[in-house]
Amino acid sequence: MGRERLGPFDVARLTATDPGALRNWLKTHGFHLPAPLASALRPYVAQRWEYVAIRLAPAERQRTLSGTLDPLRLTFASARLVYPMRLSALATTPQSLGLYVLAPHRMEPRSTIGGSPPEVFFAGRIHPEGPLRALTGSGPTFLTAIDQSFPQPHRITGDHELRRTTHDTPYRRVRYEYALLKVAGVPAWLITVAGTLLLLQTASAALALTIAARRRRRLAATDTDG
């Protein structure tokens, strides 16, 4: 449907009615799509999805790319909020997912799609600045940040579809960090223990002196009586 150069990126926007034809087109035009991935695209082809193929392509042939890359931003209209995960089922190692969802309300996945239960580590209204403001507008928006792991990727059953939660309950994960308190480079617990022992020794010495003094007074009294 379209192809253009965006700096070092070669970007193609495609539609397909056959996964094999899609793979052949990509291969012919310098894109690489393994055969298993082409087969896994069948559900998307059946749903008439569109595809964006991106590859790194220096302006001059045989030239090596180096340095940092500017991020690409893709926008499209959709009646559902979907994050594609189906192709990750072909992974051979455990997978992890971090989703940051900006929406008018707090969002949640409809199901686990074969992974561990999704864990929200932040939910709340924010006032975007910089590039985020260009995405969401000038007003506040709700950010939902979600972590999920997939120890057995082959169990992934589909894509993540997100929905609005019943309540926009804010949440923030609290992390506790413990550090050894030191005084002049010496652990504070050691100073405390040493101080306690010194007090106990001083108290014992004072008690011993008191007992000795009482004994001397008793002896002196006995000598006087005699």
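A contact here means that heavy atoms lie within 4.5 Å of each other. In this predicted model, residues 24 or more positions apart account for 72% of those contacts in the protein that have a separation of 6 or more. The protein has 226 residues, of which buried residues make up 23%, and it contains five helices and twelve strands.

**Surface**

- The accessible surface of the protein comes to about 16,800 Å², and carbon and sulfur atoms hold 56% of that area.

- Three strands form an open sheet in the order 4-9-6, and their pairing is antiparallel.
- The edges of this sheet are strand 4, covering residues 81-83, and strand 6, covering residues 107-109, each of which pairs on one side only.
- From one strand to the next, the twist averages 35 degrees.
- Strand 4 and strand 9 run antiparallel and are joined by three bridges, and Leu-81 has Leu-162 in strand 9 as its bridge partner.

- Pro-170 counts as exposed because its relative accessible area is 61%, where the cut-off for an exposed residue is over 50%.
- Although Pro-170 and Arg-125 are 45 residues apart along the chain, their C-alpha atoms are separated by 7.8 Å.

Conventions. Residues numbered from 1 in each chain as written. Predicted model: local features only at pLDDT ≥ 70, side-chain atom pairs only at ≥ 80, totals over all residues. Heavy atoms only, no water. Helix = DSSP H or I, 4+ residues; strand = E, 2+ residues; numbered from the N terminus. Buried < 20%, exposed > 50% of the residue type's maximum accessible area, 1.4 Å probe, protein only. Areas by Shrake-Rupley, 256 points an atom, 1.4 Å probe, with all protein chains shown as cover. Pairing = 2+ DSSP bridges. Axes fitted to C-alpha atoms, helices over the stretch in contact; angles between N-to-C directions.
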